[in-house]
Structure formats: structure tokens, C-alpha cells
Amino acid sequence: MKKYYISIFCLICSLLMFSLNVKAEEEPTCDFKTQADLIQKAAKITARSEVVEEDGKQVFKITVYNITEEFYVVVRPEGGGLGIKNSFIIYPSMTTDQAYTFTSDDMDLIIKYRFTVRSNIPGCTDSITSFSYTKPKKNYHYNMNYCKYKEVVDYYYCQEWISQEFTLSDEEIQERIEKKRDSLTTTTTAYCPSCELEAEQKEREAKVIEIKKYIIMGLSVGIFIDLIVIAVLIRDLKKRGL
């Protein structure tokens with residue numbers, strides 16, 4: 001009887017091992033070649049954005065490119081406590097020409113998006129790669145009068161979009177902008193290439209006028225001398241009775 005139970009136990013173990021082996025053989029594996037191919041393709045998945053006008057207001061359109069059938073992308077915005085929408089997934093079926101676009105109408109908040117690329121290939125479902133994109137926000141100072149001067153339109157604190165929060169107060173930033181403008185205005189006044197060219201031109205014109213004056217004076221003196229000589233000759237001829 002004991003041998004009978006042992007035989008049954010061995011039979012069950014054999015069946016379990018056989019089942020596990022079959023399952024292992026059926027389970028697809030992610031070999032090195034497949035992994036390398038996935039990594040290469042995943043590296044082409046990128047994100048870009050543009051500002052467009054919709055319904056009378058500006059919005060950010062963020063587009064993720066090159067999402068092929070092998071992948072799906074998990075989009076996770078940071079700063080959820082600030083009212084940002086939850087994470088979402090971009091599947092290949094949601095794309096048009098391997099691209100997917102979503103919008104953000106928040107112009108007052110810097111949002112960093114984390115894109116995690118995962119594989120749809122059985123056996124290769126781990127994360128392949130990930131990258132980040134930071135949506136900038138509108139710079140409050142951009143529309144202020146002190147940022148409209150040509151000397152500071154390209155200054156850091158006068159840029160239209162910023163991807164990093166300023167650490168200074170609004171008053172401190174305005175003060176820096178005005179100081180920057182003053183310094184550039186002073187520099188421009190101290191060194192003016194167009195002014196130098198104008199001065200050189202005026203100097204050349206003055207020299208030409210002076211030369212003309214001397215020429216006229218010389219001609220006048222010559223004519224005067226010629227008249228005196230002619231008068232003397234006429235007088236001498238009269239004395240000789242000619």
C-alpha cells in the first residue's frame with residue numbers, strides 16, 4: 001500500500017514538472033536581438049510642442065512621435081497636487097501616422113511630463129526607455145512696459161516662455177530689467193558705430209570744403225595778379241604812344 005501511494009506521488013510530480021516545462025517552452029522569451037531592436041526603435045520616440053490659438057486663447061499642443069505597434073507610452077505629469085490631470089496611456093490604436101497629440105491650456109504653470117515607453121511584445125513587456133519634456137509657462141513680465149525696450153527684449157527675465165520658476169520677487173526682477181536696460185543704453189551712448197561713421201563723413205566733407213576754399217582763394221589771387229599785370233602793360237603801352 002505504501003508503494004502504491006509513493007507511485008501516485010511520483011506520477012503527480014512528473015505531471016507537474018511536465019506541465020511546467022511545456023508552459024516554459026510556450027512562454028515567449030525576449031532574446032538579446034529583440035531587446036536591441038526594441039531599444040533602437042524606442043529611442044526614436046520623441047515629444048515636441050507648439051503654442052496655437054484655439055477659441056481665442058493660447059494652448060500648448062504636445063505631440064509624441066514614432067509610436068509604432070510594438071510600443072505604448074505611459075504619460076505621467078509631475079505636480080499632481082497642483083491640479084494637473086492624472087497619468088494616461090497612449091496606445092498605438094490612438095495614434096495618427098504614429099503620432100499622438102494632447103493639449104494643455106495651463107499658461108501659468110510649468111509642467112514636467114515623464115514619458116515611459118513600454119513594449120507590447122510578449123516576453124518583452126518591461127520598460128524600454130523613458131524621457132521627459134517640460135511645458136513652459138507664460139512669463140508675467142513679458143507683457144510689461146519695462147520689457148518692451150529693444151535693449152532688453154532678449155533678456156532672460158523678458159522671455160515670453162520660461163521653463164524654470166524665478167527665485168526673485170516681481171519688484172526685484174523689474175529692478176534688474178531696468179538696470180540691464182540702463183547699462184546697455186549707457187554702453188550704446190559711449191560707443192556708437194553709426195555715430196563714428198557720421199563723424200568721419202562730416203570730417204571728410206569739412207576737408208573737401210576747406211580745400212575748395214583754398215582753391216577759390218588761389219584762383220582769386222591769381223586773377224587779381226593777372227589784372228594788375230594787364231593794367232601795367234596797358235599803361236606802359238600808352239606811355240610809348242602805341
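Here are some questions and answers on a predicted model, covering the chain and then a few of its residues.

User: How are residues numbered, and which pLDDT is needed for local features?
Analyst: Numbering starts from 1 along each chain as its sequence is written, and side-chain values use heavy atoms, with hydrogens and water left out. As the model is predicted, side-chain atom pairs count only at pLDDT 80 or more, totals for chains, interfaces and linings use all residues, and local features need pLDDT of at least 70.

User: What order do the elements of the chain run in from the N terminus?
Analyst: Helices (H or I, at least four residues) and strands (E, at least two) are DSSP runs, numbered from the N terminus. The chain has 4 helices and 9 strands. From the N terminus on, the order is α-α-β-β-β-β-β-β-β-β-β-α-α.

User: What percentage of the 242 residues is buried?
Analyst: Buried is under 20% relative accessible area, exposed is over 50%, and partly exposed is in between (1.4 Å probe, protein chains only). Among the 242 residues in the chain, the buried part is 22%.

User: Is Thr-95 buried or exposed?
Analyst: Thr-95 sits in the loop between strand S4 (88-90) and strand S5 (100-104). Its relative accessible area is 18%, so Thr-95 counts as buried.

User: Which residues is Thr-95 in contact with, leaving aside neighbours within four places in sequence?
Analyst: Contact here is heavy atoms within 4.5 Å. With those neighbours left aside, the partners of Thr-95 are Ile-67, Ile-90 and Tyr-100.

User: How many Å separate the backbone oxygen of Pro-92 from a polar atom of the Thr-95 side chain?
Analyst: The pair to look at is the backbone oxygen of Pro-92 and a polar atom of the side chain of Thr-95. They lie apart by 2.7 Å.

User: Is Ser-93 buried or exposed?
Analyst: Ser-93 is also in the loop between S4 and S5. Its C-alpha atom is 9.5 Å from that of Thr-68, 25 residues apart along the chain. With a relative accessible area of 70%, Ser-93 is exposed.

User: How many residues apart in sequence are the parts that Cys-147 and Cys-158 tie together?
Analyst: A disulfide is a pair of cysteine sulfur atoms within 2.5 Å, and Cys-147 and Cys-158 form one with their sulfur atoms 1.9 Å apart. The link is left-handed, at -80 degrees about the S-S bond. Both cysteines lie in the loop between strand S8 (137-138) and strand S9 (161-162), so the separation in sequence of the parts tied together is 11 residues.

How values were computed:
A polar contact is a pair of N or O atoms within 3.5 Å; within protein, one must be able to donate a hydrogen and the other to accept it, and residues adjacent in sequence count only if both atoms are side-chain atoms.
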